[in-house]
Amino acid sequence: MPTVVRCWRCQDEHTPQVFCPACEALQLLPPDIDYFTVFGLARAPMLDEQALAKTYYALSRQLHPDLHQTGTAEEQEASLQNTAVVNRAYRTLRDPVQRGRYWLELNGEQLGKENNKIPPALALFVFEVQEKLAAVREAQSAGTSGALTGLKAELDQVRDDLDNRTRGLQQKLAANFSKWAQANGSSELLGELKRVLSDMAYLRTLTRDMDKALSTL
């Protein structure tokens with residue numbers, strides 16, 4: 001059964017919402033409210049990002065503390081605490097990767113310590129990148145500018161490859177999100193989501209290391 005709360009002003013019972021549907025009084029959101037409910041969205045990882053942003057900015061204006069500084073103690077507290085919840089929820093849901101991680105948590109899963117392991121599908125590519133980065137460090141230590149020039153060209157090519165792989169994973173992530181509408185709760189989809197997010201996390205680390213190396217050349 002859905003969670004039911006009671007309005008502090010009119011005592012109306014309703015599902016958690018920013019404003020009471022009966023008297024429109026500002027309500028204090030429960031600390032365990034899920035981020036989709038905050039924005040009145042269906043609980044699903046596929047969402048309309050433009051609509052999310054529109055709702056977020058509307059709520060931010062309505063919750064601004066300046067609008068409630070002459071209100072009751074309940075309204076002032078709700079304004080401050082709900083603003084923090086809305087901001088946190090928006091930061092999570094607007095980013096597909098963060099949304100995917102959050103969706104895992106809602107389904108009792110997380111990437112966990114296994115995310116420190118190299119994903120099998122990326123192992124060969126990771127080793128190749130690490131070898132090139134090691135070659136850069138070695139050439140820098142030896143002061144061989146000619147070798148560094150050649151290595152920079154190779155690193156630029158690898159950086160392009162990283163971008164292409166990342167775009168491919170973003171497409172896989174979007175495809176996974178779209179499948180949940182037809183197969184909510186599927187353990188197979190959860191496993192697929194974990195693999196995609198794990199690959200993306202590792203590529204982000206590689207991209208960071210690659211950009212750091214390129215900035216020194």
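The model is predicted, and its chain averages a pLDDT of 88, with 94% of the residues scoring at least 70. The chain is divided into domain 1, which covers residues 5-94, and domain 2, which covers residues 112-215. The second largest pocket takes lining residues from both domain 1 and domain 2, and therefore lies between them.

**Confidence and domains**

- Among the elements of the protein chain, helix 2 (residues 49-63) has the highest confidence, at a mean of 96, whereas helix 5 (residues 123-142) has the lowest, at 85.
- Where pLDDT is low, the predicted coordinates should not be read in detail.
- The C-alpha centres of domain 1 and domain 2 are 37 Å apart.

**The largest pocket**

- The largest pocket has a volume of about 470 Å³, and it is lined by 21 residues, of which Pro119, Arg195, Val196, Ser198 and Asp199 are the closest to its centre.
- Helix 6 (145-179) and helix 7 (187-214) each supply at least two residues of this lining, and helix 7 gives the largest share of it, with 8 residues.
- Sorted by class, the lining of the largest pocket holds 9 nonpolar, 4 polar and 8 charged residues.

**The second largest pocket**

- The second largest pocket has a volume of about 200 Å³, and among its 15 lining residues Pro96, Val97, Gln170, Leu173 and Met200 lie nearest its centre.
- At least two lining residues of the second largest pocket come from each of helix 4 (96-106), helix 6 and helix 7, with the largest share, 5 residues, supplied by helix 6.
- The lining of the second largest pocket is made up of 9 nonpolar, 2 polar and 4 charged residues.

**Salt bridges**

- Side chains of opposite charge can pair when their charged atoms come close.
- The count for this model comes to 13 salt bridges.
- One of the salt bridges joins the side chains of arginine 204 and aspartate 95, with a distance of 3.9 Å from N to O; because arginine 204 lies in helix 7 and aspartate 95 lies in the loop between helix 3 (73-94) and helix 4, this pair ties together parts that are 109 residues apart in sequence.
- Arginine 204 is partly exposed, at 46% relative accessibility, and aspartate 95 also counts as partly exposed, with a relative accessible area of 25%.
- Glutamate 154 and lysine 132 meet through their side chains in another salt bridge, at 3.0 Å from N to O; glutamate 154 belongs to helix 6 and lysine 132 to helix 5, so the pair ties together parts that are 22 residues apart in sequence.
- Glutamate 154 has a relative accessible area of 34% and is partly exposed, while lysine 132, at 26% relative accessibility, is partly exposed as well.
- A salt bridge at 3.3 Å from N to O also forms between the side chains of arginine 165 and aspartate 161, both of which lie in helix 6, 4 residues apart, or about one turn of the helix.
- Arg159, Asp163 and Asp211 are linked with one another in a network of salt bridges.

- Most residues other than glycine have a negative phi, and most peptide bonds are trans.
- Glutamine 11 has a positive phi of about 70 degrees, although it is not a glycine, and its place is in the loop between strand 1 (5-6) and strand 2 (13-14).
- With a relative accessible area of 43%, glutamine 11 is partly exposed.
- Glutamate 24, likewise a residue other than glycine, has a positive phi near 65 degrees, and it is found in the loop between strand 2 and helix 1 (35-38).
- Glutamate 24 counts as exposed because its relative accessibility is 63%, and the cut-off for exposed is over 50%.

Methods. Residues numbered from 1 in each chain as written. Predicted model: local features only at pLDDT ≥ 70, side-chain atom pairs only at ≥ 80, totals over all residues. Heavy atoms only, no water. 1 Å grid on protein atoms, 1.4 Å probe; cavity = no way out; pocket = protein on both sides within 12 Å on 5 of 7 lines; lining within 4 Å. Points joined across faces, edges and corners; volume = space filled by probe spheres on them. Nonpolar A, V, L, I, M, F, W, Y, C, P; charged D, E, K, R; others polar. Domains from an automatic or database assignment. pLDDT = per-residue confidence, 0-100. Salt bridge = Lys/Arg side-chain N within 4 Å of Asp/Glu carboxyl O. Buried < 20%, exposed > 50% of the residue type's maximum accessible area, 1.4 Å probe, protein only.
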